[in-house]
Amino acid sequence: DIPDDLKSILVEDPHPHGPFGVRGVGEMPLLAYAPAVVAAVHDATGVWFDELPLTPDRVLRGLGGL
């Protein structure tokens with residue numbers, strides 16, 4: 001679930017620890033994607049996976065090679 005109205009806020013202050021004051025732009029909305037996919041696969045299979053990316057081969061191995 002995501003909100004219907006999403007507002008971006010541009011921060012024009014340099015980051016004190018980034019190279020040349022650079023801040024990350026695209027990472028923040030994607031941080032929850034991988035854990036959400038792993039949780040969905042767990043809900044469907046009952047198996048937790050702790051290695052990404054979650055490839056078909058890894059899922060098959062986790063399911064015991066079905």
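Student: Which backbone oxygen does the side chain of Arg58 reach?

Tutor: Before the reply, a word on the source: this is a predicted model, in which local features need pLDDT of at least 70 and side-chain atom pairs count only at pLDDT 80 or more, while totals for chains, interfaces and linings use all residues. Residues are numbered from 1 along each chain as its sequence is written, and side-chain values use heavy atoms, with hydrogens and water left out.

The side chain of Arg58 reaches the backbone oxygen of Leu52, at 3.2 Å. Arg58 itself sits in helix H2, which covers residues 56–62; helices here are DSSP runs of H or I with at least four residues, strands are runs of E with at least two, and both are numbered from the N terminus. The protein chain has two helices and zero strands.

Arg58 also takes part in a salt bridge with Glu51, where the closest N and O atoms are 3.1 Å apart. The term salt bridge means a side-chain nitrogen of Lys or Arg within 4 Å of a carboxyl oxygen of Asp or Glu, and the structure holds one of them. In general, side chains of opposite charge can pair when their charged atoms come close. Glu51 counts as partly exposed because its relative accessibility is 42%, given that buried means under 20% relative accessible area, exposed over 50%, and partly exposed in between (1.4 Å probe, protein chains only).

If we leave aside neighbours within four places in sequence, Arg58 is in contact with Phe49, Glu51, Leu52 and Pro53, where contact means heavy atoms within 4.5 Å. Pro53 belongs to the loop between H1 and H2, and Pro53 counts as exposed because its relative accessibility is 55%.

Val38 is buried in H1, as are Val41 and His42. Seen down the axis of H1, the buried residues fall within an arc of 105°, so they line one face of the helix; the arc is that of the directions from the helix axis to the C-beta atoms. On the other side of H1, Tyr33, Asp43 and Ala44 are exposed. Just after H1, Gly46 takes a positive phi of about 80°.

Note on methods:
Polar contact = N/O pair within 3.5 Å; in protein donor to acceptor, adjacent residues only side chain to side chain.
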